[in-house]
Amino acid sequence: MFDFPVVFVDIETTGGSYRTSRVLEVAVIRYEHGRIVREFATLLQHDTYIPENISRLTGISSKDIVDAPRFDDIADELADICEGAVFIAHNVRFDYSFLRAEFERVGIRFEPKLLCTVRLSRELYPNAHGHSLEKIISRHAIPVADRHRAMADTRAILSFAQIAYSDAGERPFQTAVARQLKRPLLPPNLTNTDIER
């Protein structure tokens, strides 16, 4: 499916902006040579209030994170899992912006190549009605036991990638992936972080 290591990632957060909200839960599946080689998932403790609507959506409340690690406790392990891998998420800029901000707070630079399964779905299933994770799960009958929890959604994203590869075939799938991974050349004094900001 991929000729390089990838990490499938999903997060749950306390809100919609990395500037004002924090990561509540993170899950990562590292996938190499057609198989899962590593998995990681944890709730995260922080001092930010968890809004009621987030608790209703995820089932995660303040009492659930009391004994959870803080991001700086897991940052090295998370960075190690992601090292050298393409970062794949559904609406990838959302998940990436939150994790990049968390890594920045602990002094770690985090700039992987990004691949978005929303864009992959749009390209490989142009006639499909909707490309949200909910629509994809329903359309492809992907079993999900605990929707809106990080590991369950990460598994769903991996399942979708496998289904898309099978449906589209190797060449169309890899062409769609390669199109996303092309990065414009930047001037030498400008980094991707500068562009993100």
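This is a predicted model: local features need pLDDT of at least 70, side-chain atom pairs count only at pLDDT 80 or more; totals for chains, interfaces and linings use all residues.
Colleague: What makes strand 4 and strand 5 a pair?

Modeller: Pairing needs at least two bridges, and three bridges join strand 4 (residues 86-89) to strand 5 (residues 114-116), so the two count as paired, and they run parallel.

Colleague: And which strand pairs with strand 1 (residues 6-13)?

Modeller: Strand 4 again, over three bridges in the parallel sense. Phe8 has Ile88 of strand 4 as its bridge partner.

Colleague: How do you know that both faces of strand 4 are covered?

Modeller: Val86 and Ile88 lie on one side, Phe87 and Ala89 on the other, and all of them are buried. Side chains alternate between the two faces of the sheet in a regular strand.

Colleague: Over to His131, in the loop between helix 4 (117-124) and helix 5 (133-139). Why is His131 called buried?

Modeller: Its relative accessible area is 14%, and buried means under 20%, so His131 qualifies.

Colleague: What makes the approach of its side chain to the Ser121 side chain a polar contact?

Modeller: The distance is 2.6 Å, and the limit for such a pair of N or O atoms is 3.5 Å, so the pair falls within the cut-off. Beyond its neighbours within four places in sequence, His131 also touches other residues, including His90, Tyr125 and Ile136.

Colleague: Why are helix 6 and helix 7 called oblique?

Modeller: Their packing angle is about 125 degrees. Roughly perpendicular ends at 115 and roughly antiparallel starts over 145, so helix 6 and helix 7 are oblique to each other.

Conventions. Residues are numbered from 1 along each chain as its sequence is written. Side-chain values use heavy atoms; hydrogens and water are left out. Helices (H or I, at least four residues) and strands (E, at least two) are DSSP runs, numbered from the N terminus. Buried means under 20% relative accessible area, exposed over 50%, partly exposed in between (1.4 Å probe, protein chains only). A polar contact is a pair of N or O atoms within 3.5 Å; within protein, one must be able to donate a hydrogen and the other to accept it, and residues adjacent in sequence count only if both atoms are side-chain atoms. Contact means heavy atoms within 4.5 Å. Axes are lines fitted to C-alpha atoms, for helices over the stretch in contact, and angles run from 0 to 180 degrees between N-to-C directions. Angles under 35 degrees count as roughly parallel, over 145 as roughly antiparallel, 65 to 115 as roughly perpendicular and the rest as oblique.
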